[in-house]
Structures are given as C-alpha cells and as structure tokens.
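Q: I would like to learn how to read the features of a structural model, one at a time. Could we work through an example together?

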Amino acid sequence: MDPNLNTAWNSFLLFFHQAKNYLTEPWAAYQLAIIAGCYAIAWLLSFKLEPIVEARARTIKGNPGLLRIIVAFMRRLEWVFFLIFVYIAREIVLLNTWPSRTFVLTAALVLASAWLALVVLTRIIQNRTIARVVAIGAFAYIALGVLDIRGPVSEALDNAAINLGDFKLSILFVLRIVFLTSLFLWLATLFGTFFDNRINAISDLSPSFKVLSGKIVKVGLIVIALVVALTAAGLDLTTLTIFSGAVGIGLGFGLQKVVSNFISGVIILVDKSIKPGDTIELGDTFGWIRELRARFVSVITRDGREYLIPNEDFITQQVVNWSFSNKLVRLDVEFGVSYDSNPHEVARIAIEAAKDIPRVLTHKAPVCWMTEFGASSLDFKLRFWIGDPQEGLTNIRGQVLLALWDAFQENGIGIPYPHREIIMKTPIEVKRSE
C-alpha cells in the first residue's frame, strides 16, 4: 500500500476509535438526548408559527431575490429554534461541568448553523439541483473541518489517483475541478445576465447590437471562468495542448452544424438582417422574432406556436423580412363584379370601403384597378397599405373583403358566380315509375 495512503487510513482508524470511545461515555448519551429533545421542541414550534411568519414575509414587494432568501429562511424555522435551544442547553451544561463534556453539543451547534446558512444562501441559485449540490459539498467540507479529519480525507482522496504520464489524476483533483468550474461558471452566468440586462436598458443602442454585445460579454465571461477555474484547481494548461488539439478535431467533425449555426448567428447580428420584433416569413413559417439565441432564432406565429429555427436557415434560405427597412406592407385583394355594374363606381366604392378599416393606412391611400374582362365577371384588384404586419395579414384581408361585401350590398352591385349550360344532343326520355 502507498505510504501516504496507509497514513491516511491510520488517521481514519484513530478518529473512529476516539469517536467510539467518546460516544460510549454517559455524557455523550446525555448530549445526544438533549439534541433530540431540542429538535423535537423546535419542530413543534415551527409547525405552528411557520405558516404565519411566511405569510407575513410574502407581503414584501419589489425585491424578488430578497424575498426568496427570507422565505427560505422562514421555511426552516425549526433549525432556527433548534440552534437557539442547543445554544441555551450548551451554556447551561458549561455552567455545571467541564467544556470537554459539551463536544457533541458544540459540534451540533456549528454544523446546524453551517447547514442553515448554506441552505438559505444557496437559494440565490435558481437551479435547485445545483443549489443542493453546492450546499451538500460545502457542508461536507465544513463538517470535515469541525471533526478535524479534513487532512486525512484530503490525503486519501489525493492518493486515490491514476498516473497519466507526468499528470496525476486523483479523486481530490476531480472534485476540486468540478467544484471550482461549477462555481466560476455560475458566477460568470450571473454577471453575464446582469451586464446583459444593463445593456438592454440602454435605449440608444439598436436591438441587434444589444443582442450581439450581450452574447460577447457572456461568452467572454464563460471563457475567463473556465481558464480561472482550471488554473485555480492547479491544472497546467500547457499540458492540455495535445489533448485539446485532438478533441478540437473530433468536435470539428461532430459539431459542424452547431458551429455553423453559431457563426451564422454572429453574422446575423453583425449585418442586422433580422432583429427582435421583426415580422418575417421563412418557408411556411410566418411570425415575428421574439429572441435571437446563439444557435437558433425564436419565431412566434399568429397561432401562438414558437418555432426555434436554426440560424443557418436565415443565411442559406430566402427570408422575407416584412419590417427590414420599415413596417409598411402593401396587400392585394382580388374580387369580381357582374357585367352590368359601372366599373368606375365599383372602384370608388371599393376604395372608400377599404379606408374605413382601422388598420388600413390613409396617408398611403388605397387604389383599385380593373384587371380583366373575366369569363363571368369584371375582375378588380384592390391595393392598400398597413403598418403593423405583426398583427397578421389574413385577418386584415378578411376585414377588407367583408367591407367590400357590405358596400356592394348597399349599392346594389352583384358578385357573379359561374354559369354552365349543358346541351344534350340526344333526346332523353324520362319515365315515371309506377
């Protein structure tokens, strides 16, 4: 066995032997009984008071982060009362005996205080799984220090390793990497979101520049966080040169689409071809852009569906941006009237009917042109402009058609339908069945 690992194992055995001897003493049993009684009383009190205190705390307005921490604190009133009772019990015991007979009470007081503080403080992490992992990891670290076995545990984890050439991969190193990387990535995400919100609050910047700046800040902070985390964990980054080159080649082949979409997203932000709020049409998808992301664009249609379209599609396919330079859109509505109608009067009535629609612009007046002498009707095309294509196109066409119908009915203008005449060359004899 490795000498260092043997030393760590002997330290463990010594600790457990001392703990066993201490816990078999009468005073240890008394302290455990006191701790159990304090927790039982604390639980009963919190069961009665917690709903009342939490309801009062929820009346706090204007600071969701502070409210989350206060509510998390209030939901653990049993631990607050437990700490108070254990502290009082410890002081009473100290007045009547030696400090060595309060070790269990002191350890319980310190560990309970640490657990309560960690559980409350980690509430600022919105991901519950990450918050729980951080709380448990930090509590384990503190508990090992309180029990004075942090050194032996660290040695044991460090000696449980695999040697990869000059590089030593141990369990302690992996845990340190995971913890530091998670911590710095969370901090990078937190600060990235903060700066992104600050950038979006600047009204002088264009929407595309806001999105681009926010992405650059977030990506930059994540890269810095990874480098700092790996360096703080004691990893020599020069040892990763060959490995990162091999991984880079593999990722280059496996993540071609991901990289393509990321680069396409940067190009979209730079050339400002689309931006949040634009009304676009791509293939069969018609809607307005809600958000530009690193890999895709979020497009919401009129029926409430949200399409996540890859950025590459906006580079390689034909995109109709109804609001690229301005939001003015011209629409056409075709219709036909009977041959006994006056075409000049029909055009005038159609224009007046379109003007009465609220969404139809009046400063760009509608026009109506006769386009064809049809088989059974005089065919017309009514053209008009709107300034809010994001509100829909089919609905405004429907409103105009209904307005035309009402206007034609009021003025006695008929809308014909096709007639077909059938001539039978051979007479048909019709017999009536008896």
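Q: Is valine 219 buried, partly exposed or exposed, and why?

A: A word of care comes before the reading, for this is a predicted model. The general idea is that a residue counts as buried under 20% relative accessible area and as exposed over 50%, with partly exposed in between. Valine 219 has 38% relative accessibility, so this residue counts as partly exposed. In the chain, valine 219 is found in helix α9.

Q: Which residues make the nonpolar surface patch, and which elements give two or more residues to it?

A: Such a patch joins nonpolar side chains that lie within 5 Å and have over 30% relative accessible area. Here the patch covers about 760 Å² and is made by Val219, Val223, Val227, Val259, Phe262, Ile263, Val266, Ile267, Val270 and Ile315. Two elements give two or more residues to it, namely α9 (207-232) and α11 (256-271). The largest share, 6 residues, comes from α11.

Q: How should I read the packing of two helices, and at what angle do α4 and α5 pack?

A: The angle is taken between N-to-C directions, and a value over 145 degrees counts as roughly antiparallel. Helix α4 (residues 77-96) packs with helix α5 (residues 103-121) at an angle of about 160°, and their axes are 10 Å apart. That angle is why α4 is described as roughly antiparallel to α5. The crossing of α4 and α5 is left-handed. Valine 110 has its place in helix α5, and at 38% relative accessibility valine 110 counts as partly exposed. Between the C-alpha atoms of valine 110 and leucine 83 there are 9.0 Å in space, although the two are 27 residues apart in sequence.

Q: What is the orientation of α13 and α14 to each other?

A: Helix α13 (residues 343-355) and helix α14 (residues 394-410) pack at an angle of about 130°, with 9 Å between their axes. The two helices α13 and α14 are therefore oblique to each other, and α13 passes α14 in a right-handed crossing.

Q: Where is histidine 363, and how far apart in space are histidine 363 and tryptophan 385?

A: Histidine 363 sits in the loop between α13 and β9 (367-373), and with a relative accessible area of 60% this histidine is exposed. Histidine 363 and tryptophan 385 are 22 residues apart in sequence, while their C-alpha atoms are 9.2 Å apart in space.

Q: How many salt bridges does a search of the whole structure find?

A: The general idea is that side chains of opposite charge can pair when their charged atoms come close. The search of the whole structure finds 10 salt bridges. One of them joins arginine 90 and glutamate 91, with the closest N and O atoms 3.2 Å apart, and glutamate 91 is partly exposed at 30% relative accessibility. Another links lysine 275 to aspartate 278, with the closest N and O atoms 3.1 Å apart. In this pair, lysine 275 is partly exposed, with a relative accessible area of 25%, whereas aspartate 278 counts as buried at 2% relative accessibility.

Q: Which parts does the salt bridge of glutamate 334 and lysine 381 tie together?

A: The side chains of glutamate 334 and lysine 381 meet at 3.6 Å, N to O. Glutamate 334 lies in strand β8 (residues 329-337) and lysine 381 in strand β10 (residues 378-386), so the pair ties together parts that are 47 residues apart in sequence. Glutamate 334 is exposed, with a relative accessible area of 57%. Elsewhere, salt bridges that share partners join Arg290, Glu291, Arg293 and Glu306 into one network.

Note on methods. Residues are numbered from 1 along each chain as its sequence is written. This is a predicted model: local features need pLDDT of at least 70, side-chain atom pairs count only at pLDDT 80 or more; totals for chains, interfaces and linings use all residues. Side-chain values use heavy atoms; hydrogens and water are left out. Patches are made of residues with over 30% relative accessible area and no salt bridge: like charges are joined within 9 Å, nonpolar side chains (Val, Leu, Ile, Met, Phe, Trp, Tyr) within 5 Å. Accessible areas come from the Shrake-Rupley method with a 1.4 Å probe; for residues, only the protein chains shown count as cover. A salt bridge is a side-chain nitrogen of Lys or Arg within 4 Å of a carboxyl oxygen of Asp or Glu. Helices (H or I, at least four residues) and strands (E, at least two) are DSSP runs, numbered from the N terminus. Buried means under 20% relative accessible area, exposed over 50%, partly exposed in between (1.4 Å probe, protein chains only). Axes are lines fitted to C-alpha atoms, for helices over the stretch in contact, and angles run from 0 to 180 degrees between N-to-C directions. Angles under 35 degrees count as roughly parallel, over 145 as roughly antiparallel, 65 to 115 as roughly perpendicular and the rest as oblique. A crossing is left-handed if the near helix is turned anticlockwise from the far one by less than a right angle, and right-handed if clockwise.
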